[in-house]
Amino acid sequence: MFSVIMSLAQTKFTISGTVANKSNNETLIGATIVISETNTSVITNSYGFYSITLPKGEYTIIISFIGLEDVEERIVLTQNTKRNFVLNEASKALEEVVIKANSNKVNISKPEMSTIKLSIATIKKMPAVMGEVDVLKSILQLPGVSNAQEGSSGFNVRGGSVDGNLVLLDEAVVYNTSHLFGFFSVFNSDVIKDLKLYKGGIPANFGGRISSVLDIYQKEGNNKEFHVNGGIGAISSRLLAEGPVVKEKSSFVVAGRASYAHFFLKMAGEPNSAWFYDLNAKLNYKLNDKNNLYLSGYFGKDDMNFNKALMNQYGNALFNLRWNHIFSDKLFSNASFIYSDYNYGLQIKFAGIDWKSDIKNYNFKYDFKHYLSSKLNLSYGLNSIYYQFNPGTIKPFDKNSPVNPDQIAKKNAFENALYISADQKLSDKLSLSYGLRYSYFQRLGPENINTYADNKAVVFNPEMQVYEEGIATGSIRYGNNKKIASFGNLEPRFAAAYSFNSNQSVKASYNRMSQYIHLISNTASVSPLDIWTPSDNFLKPQILDQVALGYFQNFSSGKYSLEVEAFYKKIKNKADFIDGAELIAHKAIERVMLNGEARAYGLEILARKNTGKLTGWLSYTLSRAEQRTPGRNTNEPGINNGEWYRANYDKTHNLSLTAAYRLTKNWSFGGIFAYQTGKAATFPIGKYQYHGVTIANYGIRNENALPAYHHLDLSATYTPRPDKQKRWKSEWVFSVYNVYNRANAAALNFGQNTETGKSEARQMSIFGIIPSITYNFKF
């Protein structure tokens, strides 16, 4: 009995610190720290910090990170200890380093599923199409992730829409993730440090979207030495500079990228053009051992011109000031002040309109990580976002335009949230993660809000059997910051992992998410119309419930791995357009939208080969995404007669094979093959004449589909002198996009052949085969 009491009273101490890459002092996100004797493990947070509490004693501590050499060290813990670790590049291992840790073990035992973490080292091993690896293209090769079609921006996760993805760059919201019809992403891989994609089981610190979270962090900059790297390609070039401001105390990184293919198009007499540029910057300063400051920013722009008949510009601007503070060896905090801006412009000559819109948000976050013990950690914090929406500033295209200047009513909103979550290890086999988030959203004035008969902005015409825009009966004026509408939601999160052994586990998760802002977009257009709008009394917040179950296994000491997951999710208040809805410059978008519901379910398989000369993965998803909008009463049929129909982004089959092969020190090769079921579409089933005009008659919504989408991309990288010790290092990247010149359909246009008089379908394709060569350098 006495020994039991003494055991319970055993003194415990905490070891804490950071883990960094020795070559540049960059802290490592998600590095694994394992205590061999207790089979205890922890991972570093988003700033490389870790903390673990153990009884007094002697321990073997092993630190590992993908692409770096593991470190093993013997420690004697007799007091609270601060210990910072640095890891060497894999090719520069010190002789005394012992490689023992199984870094996959935490992935097996941690109650985290539906999550993909990719370090930049992993991304850079992927095929370099157009001379550079791409963050978005890397996640598109993963199960459950697809894009709507060629020439579409953004990505879709588990049957969700593009606006359901919360994309964060250094915690700042990115509203549009693509350049040039989705051919490039806005993320310059040279400056990316780490990314993590949550498809389900999303932690309570994230909210505001219902499909996924893509969390990306930029490099902090080398605080030891000055370095420059970049690439010169046929379509675009890039340049990055990083170095110390105060050695081992402060550093910076600046990266720029731009395309210039439009210059060659002009010289060739081509009237169309498209170009982009972006700029990343980050500055950090270590005030002392307990305080760090970070200032980061991004600015990017796209400009497309189609023979001066249709012009389109859009861009993101982001700024973030962060303060890390360590209250104690068990309590870490981060406060962030964030600004995000997305602007969109469209000029249409035949319509005579010059239209611009934007969304701005001002965001404050305060997050805490509390390491209570080796088996229980708490995360808690708050988040406040103030939104400003400009749905449209309208001007005439030119002096001959019939359009009069106008301003669609601007909108304001305020979103607040509190959260708390826990990660708990109940036994060697069972681990839990659970939490609760409360979100509260307010639509605010000043604004005039239309009123409608029976509070219906959309009315049903029983004679024509169609939905039509309602007519406002009046309006109510709300003053500055007066509440127009408000919504509050509790969002529980739960995940569990049960390990059969160190290489096998099953996991389950549930999460509820709320989304209060909506993207009103014409996805059938090559240059989609982007209007962000807040929830109100007509356009309700979307509420998602998702469950997932998975099996995970590592084979041959982690050389191979298998992940299989099944998921089901349902969404309330899924907005849908009435037939014939016009979006451009619409002053009352509630008149063309109804609230419905959506669901998605599927099976995902990911098989990886992690080591050897040949590495890569096979990804396959079998899924279904549907939505329906039933009638509001028994006299209304609803949209599509109230029946379930395929969502625009439904992809029944989604297959991807990604491979990288290192032949010699000089040559490496890569390839990606992708296959997706064609995008859902609605084709005409007949036609009729009305006052001499031929009008198409359409069938059930999204009953048809575009042809299947598939293509093969290959790349070869040549490194002239891989063992060269001089500072200047270089490589040549040869790549071919769409090797067999597949004409993937971006759209099918139906019309009448002027010669034969017969109806016909014309396929529009954007990209054929595109060869490229890029010279990359580093010094």
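L287 is found in strand β21. The model described here is a predicted one. With a relative accessibility of 39%, L287 counts as partly exposed, because burial would require a value under 20% and exposure one over 50%.

## The nonpolar patch

L287 belongs to a nonpolar patch on the surface, which it forms with V245, V246, L283, Y285, L293, L295, L321, W323 and F337. Together these residues have about 830 Å² of accessible area. Four strands, β19 (236-246), β21, β22 (291-306) and β23 (310-328), each supply at least two residues of the patch. Strand β21 gives the largest share, with three residues.

## Overall form of the chain

The chain has five helices and 53 strands. Its radius of gyration is 27 Å, close to the 28 Å that the globule rule gives for 779 residues, so the chain is as compact as a globular protein of that length. Taken along the principal axes, the box filled by the C-alpha atoms is roughly 95 × 65 × 45 Å.

Of the 779 residues, 52% count as buried. The chain exposes about 34000 Å², and carbon and sulfur atoms supply 57% of this area. Among contacts with a separation of 6 or more, 66% are made by residues 24 or more positions apart.

## Salt bridges

In the whole structure, 35 salt bridges are found. Three of these pairs are set out below, with the distance between nitrogen and oxygen.

| Pair | N to O distance |
|---|---|
| E565 and R158 | 2.9 Å |
| D170 and K282 | 3.5 Å |
| K286 and D289 | 3.7 Å |

The side chains of E565 and R158 meet in a salt bridge. This pair links distant parts of the chain, 407 residues apart: E565 lies in strand β39 (residues 560-577), and R158 in the loop between β11 (156-157) and β12 (165-169). E565 counts as buried at 4% relative accessibility, and R158 is buried with a relative accessible area of 2%.

D170 forms a salt bridge with K282.

In the salt bridge of K286 with D289, K286 counts as partly exposed, at 30% relative accessibility. Elsewhere in the chain, R599, R624, E626, R646 and D650 are linked in a network of salt bridges.

Strands of a sheet pair through backbone hydrogen bonds, in either the parallel or the antiparallel sense.

Which sense of pairing joins β12 to each of its partners β13 and β17? With β13, strand β12 pairs in the antiparallel sense over two bridges, and L169 stands opposite A172 in β13. With β17, by contrast, β12 pairs in the parallel sense over five bridges, and N165 stands opposite S212 in β17. Strand β16 (residues 192-198) pairs with β17 in the antiparallel sense over six bridges, with I192 opposite Q218 in β17.

Strand β17 (residues 212-218) is mostly covered, seven of its seven residues being buried. S212, L214, I216 and Q218 point one way from β17, and V213, D215 and Y217 point the other way; all are buried.

S619 lies in strand β41 (residues 614-628). It is buried, with a relative accessible area of 2%. Which residues does S619 contact, leaving aside its neighbours within four places in sequence? S619 is in contact with Q141, L142 and P143, with I605 and L606, and with N654, L655 and S656.

Conventions:
Residues numbered from 1 in each chain as written. Predicted model: local features only at pLDDT ≥ 70, side-chain atom pairs only at ≥ 80, totals over all residues. Heavy atoms only, no water. Salt bridge = Lys/Arg side-chain N within 4 Å of Asp/Glu carboxyl O. Buried < 20%, exposed > 50% of the residue type's maximum accessible area, 1.4 Å probe, protein only. Pairing = 2+ DSSP bridges. Patch = residues over 30% accessible without salt bridge, like charges linked within 9 Å, V, L, I, M, F, W, Y side chains within 5 Å. Areas by Shrake-Rupley, 256 points an atom, 1.4 Å probe, with all protein chains shown as cover. Rg over C-alpha atoms; globule rule 2.2 N^0.38 Å. Contact = heavy atoms within 4.5 Å.
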